[in-house]
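This report covers helix packing and nonpolar cores. Start with the model itself.

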Amino acid sequence: MDLKALLQRFDGRSRLLVHALHLGAAGANNAHTVFNKQRRCDPDFTLAPFLETLCQQEPCVHEDALVLKPLVCLFSEVFKRNLLCFLHLIHAGLPNDSVLHLLRCLTQDDRENQWSCALIKQLQRDIEGTRKGTLLTSNCTETLKNLCSRFRNDNTKGRWASCFEGLKTEGKDAVTDLTVLYQKKRKSDNMDHDGDAQEDHLSKRVKVDFSPSKEEERLTEEEEHNMRTTQQNQSAISVLSQAHSDLLGSSKHLPDHMKAAIPVIKELLDTESAWDESSVSALKVFHECDPNEVEVLCSLLCLSEASEQSLPQFCSCLLELSPDLSHSTASAVITHLLLDKIVSLAEAASRCLVTAVTSLCTRYPRPTCQALIEPVLRKGKTGSAQAELLCRLVVDCLEPHHRLLVFRTALGVSWDEGVLSVIHALLDSKLDLSEEDFAHFTDQLCSQSPHFSKSMKFAKMLLSVLTKYQSHVNSACHHTLSNCLSFNETFLKKSLLAALKRISL
């Protein structure tokens, strides 16, 4: 049965979800977006008709016989995998019985797919709150056992065995033996690829003791670490050499007066002597550069390697330049001077670094947003040190319209605890959000809430939304926020529900 015929079984709203779930690898996310928009338009919208239709029995031909099968089994594998991923995102807000009934229907499919089977079992585990059995199919388990049977050694215990706790004893032994074989193989010499020689070599390997001593494992790990380190160093040296050659080639095209300014500025950066008017004059070279020349100049000055102690004076002289630097020049200088230092922060920023960042952010807010704040947020894994500095910037140095720019950027990046801190700081500054911005924000809250169900930062951010942005909450957003709170497992849940209840529509 083709897709057009299958769509006739669904109502109009459900057809939109069916279309979204057919859109390749992005199907689950697309369906989630469609689902959130449907709930905004109608807070009482439910997936019950969609799930019931998928479970309806449909006549079809199987092995020259007419049989009844659930409608969901007639869809493509891509659709079924996307459907399961979609249900993983929203199952907490759906009736468990309906979801489990659909999963039972999916298990009636004759075309067993290992990924789909694993997704079904994982979703059943999540709903039932158990970890019984294994996510591996019987065929996968059997294949693994057959692969390892040649190298079985019941006394061997591999480090990966704990990853397969759901397997039967035989499965554990098989996985263990495969692990040990892999460890031995990494230490072995190059094998002879001739068929007879390989077979003879294999027979000899089976007879030996596959249990490596701790000393052998330690040496193997050290050898691998040293080899990886050597390869990485060689690769880095090659890249740096090429970059240095390119830089030298580009520097030849700089005007002579720009070349003359480089040693003067570098000397000032490398020493702790006070900067004076002549220092400011040397920096005027930035006014005369085009975008390509600025990049070359910043690289030759090694701004990224400048000590933090030299930053306040350097930034102070930059701020004395008149007129101000162009947007592109300011962005390049901020990137080279500050970005690596902030990304690599492992502890609270030093006073010198904070002074430099805040001074440039105050004078050049938009270049700072685009060249510093946005890249730090997009790199992911925003640590507490980065988050603390970014919070200080957005609250103390940025105007409301620039804060809104950062807020929109934060909604489009991967969220972690550091990003939550930045968003919370922005919300506390009382952003002037449009209806579209707030609706997009509540959709993001709903999609992220399962991942931060136990996060106090996420809960406190929600509390700020419910207490400071009550006027933005319409009926659709109210429904979205209600679903969002259903995932919360912190002690603030009662306060959150009470705050939501106090919002009058």
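## Helices H14 and H16

Which residues in H14 meet which residues in H16? Pro 291, Val 294, Glu 295, Cys 298 and Ser 299 of H14 meet Ser 328, Thr 329, Ala 332, Val 333 and His 336 of H16. Contact means heavy atoms within 4.5 Å. Helices are DSSP runs (H or I, at least four residues), numbered from the N terminus.

The axes of H14 (residues 291-301) and H16 come within 10 Å and cross at roughly 25°. H14 is therefore roughly parallel to H16 (angles under 35 degrees count as such).

## Basis

This is a predicted model: local features need pLDDT of at least 70, side-chain atom pairs count only at pLDDT 80 or more, and totals for chains, interfaces and linings use all residues. Residues are numbered from 1 along each chain as its sequence is written, and side-chain values use heavy atoms, with hydrogens and water left out.

## Nonpolar cores

The largest nonpolar core has 94 residues. Such a core is a set of buried (under 20% relative accessible area, 1.4 Å probe, protein chains only) Ala, Val, Leu, Ile, Met, Phe, Trp, Tyr and Cys residues joined through side-chain atoms within 4.5 Å. Phe 286, Leu 338, Phe 407, Trp 415 and Leu 445 have the most contacts inside it. Helix H16 (residues 327-343) gives the largest share, eight residues.

## Helix H7

The buried residues of H7 include Cys 117, Leu 119 and Arg 125. They pack against H5 (77-90) and H6 (96-106). Just after H7, Gly 129 takes a positive phi of about 70°.

Terms used. Buried means under 20% relative accessible area, exposed over 50%, partly exposed in between (1.4 Å probe, protein chains only). Helices (H or I, at least four residues) and strands (E, at least two) are DSSP runs, numbered from the N terminus. Axes are lines fitted to C-alpha atoms, for helices over the stretch in contact, and angles run from 0 to 180 degrees between N-to-C directions. Angles under 35 degrees count as roughly parallel, over 145 as roughly antiparallel, 65 to 115 as roughly perpendicular and the rest as oblique.
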